[in-house]
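I opened the notebook to record what I looked up in this structure. The entries follow the order in which I went through the strands and helices.

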Amino acid sequence: MATYFVRPRLLFLLLALSAVRGLGAGLGINYGQLADNIPTPSRVSVMLQSLNVSRLKLYDSNPKVLLAFSNSNVEFIVGIGNEYLQDMADPAKAKNWVQQNLQPYLGQTKITCISVGNEVFMSNDTQQWSNLLPAMKMLYTTLVDLGLDKQVIVTTAHPYTVIGNSYPPSSGTFRQDIIEYMHAILEFHSQTKSPFLINAYPFFFAYKDDPKQISLEYVLFQPNQGMTDPITNLHYDNMLYAQVDAVYSAIKAVGYTDVEVKISETGWPSKGDPNEVGSTLQNAELYHKNLLKRIQKKEGTPAKPSVPIDIYVFALFNENLKTGPTSERNYGLFYPDGTPVYNIGLQGGNVSGVQDNVPGVIYSSASNIKAPSTFISLVIFVIAYLIQA
C-alpha cells in the first residue's frame, strides 16, 4: 500500500485556505503559460477554485485550460495572437476560429470576452495596426451571426505607450501617429458596448526610469502627498489612478465619453536586474496588497468616482521562459509549485489562529466562513494534488 505524506509547502497552503473567502469582484488574474515548470491546468483549476478566484485572462484559447475549468464559476477572457490578425479579417477563417476555439466550450466554461491581439501598437508593424480593427469587426460579426454576441464581447488590450501625454491626467492624449486607429477602434467599442483595455504598470512606465522624481509611496499606494491636477483640481494619491484617468481624457479628446476603461494588466515584479530600481519582493507585496484594498472598497478614480476600477493582475505564476530582463520572469503571485511568492491577503481578524495570507485571498471573520464548503474544497485539493504528484 502506498503511503502518502503532505509536503510542507502544500500544508502551508492548505492551512491558509482554511480561512479564506472570495476575491473582490473587481479583480481578475492573467494566466500566462510561458513556462515549462508550472502546474497542469487541472491542478491550477482546483487551486484557484479553492481560492474562489472568479476571473482569468488567457493569451490564447488553450483547450486544456478551458476544459479544466468546465462547470466552474470562473469567467474567461480568451486571446488571439497578433500573428492571426490578418486571418481573422477573413470571414471563413474567423468563423472557423470561433467554431473550433469558442463554441465547443461555451456550454461548460464561462467565456465572456475575446481579446484580439495583444499590445499591437507596441510594435512598429503598421500592417498589424491596420489588421487589428478588421479582425475585431469580423469576429464580432461572426458572433452576431452565430447568436453569441450577447454572451461574448470583443476587444483588444493596449500597451500604455498608446498614450502620448499623461500629465496632468485631464490632458491625456493618444500618440499622434495612432490617432486615426484609436478613433476607429473607439467607434467600434462605442457601437458594441465593449471596454477599452489598457495595460498599466506604474513600475515599468514611471518609477523604474525616474525614481528620483517619482515618489515610491505614490506608486505603491502608500501614504503620500500625491498630486493635484491643475486643470480639474482633482487630487491623486497614486499613479495607477492618474494613468487610468489620462486614458479617459485621451478617449474624450477624440470624441467618446461612453467607453469604459478596464485594466487588463498591472503588477509589480518581485525581482529584477540591478538597473530595474524598485523591483523587490517587498515592493511587489505592498503594491498588490494595497491594490487589493482599493478593489475591495469598489473604489473609482478621481475623474470616475462612481465606476469601480476593474483590474486583471499580472500574473498568476512566475514564467521562466519569458525573454527580456529578469523582471519579466518574476511578476507572478505564485511560484510554479503553487506556493505564494509573497503575502497580499487582506486581514479580517485572526481566523482560527491562522496568520499566513495567501496571495489574492481576502480573509474574513469566522462567522463568514462556511466550514463544510471550505472543508470539501480542501479535501478536493489534497486528492487532486496527491493523484497528480
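The entries below concern a predicted model.

Entry on the strands. I looked up the pairing of strand E5 (residues 110-118), and found that strand E4 (residues 75-80) pairs with E5 in the parallel sense over six bridges, while E5 also pairs in the parallel sense with strand E6 (residues 153-159), over four bridges. I then followed Ser115 in E5, which is the bridge partner of Gly79 and also stands opposite Thr155 in E6.

Entry on helix H11. I checked the length of H11 (residues 239-253) against expectation: at 1.5 Å a residue its 15 residues should span 21 Å, and the end C-alpha atoms are 21 Å apart, which agrees. I also looked up burial, and since 13 of the 15 residues of H11 are buried, the helix is largely enclosed by the rest of the structure. At the start of H11, I found a side-chain oxygen of Asn238 within 3.2 Å of the backbone nitrogen of Leu240; just after the helix, Gly255 takes a positive phi of about 105 degrees.

Entry on Asn283. Leaving aside neighbours within four places in sequence, I listed the contacts of Asn283 as Leu216, Leu220, Trp268 and Gly278.

Technical notes. Residues numbered from 1 in each chain as written. Predicted model: local features only at pLDDT ≥ 70, side-chain atom pairs only at ≥ 80, totals over all residues. Heavy atoms only, no water. Pairing = 2+ DSSP bridges. Helix = DSSP H or I, 4+ residues; strand = E, 2+ residues; numbered from the N terminus. Expected span 1.5 Å × (residues − 1). Buried < 20%, exposed > 50% of the residue type's maximum accessible area, 1.4 Å probe, protein only. Polar contact = N/O pair within 3.5 Å; in protein donor to acceptor, adjacent residues only side chain to side chain. Contact = heavy atoms within 4.5 Å.
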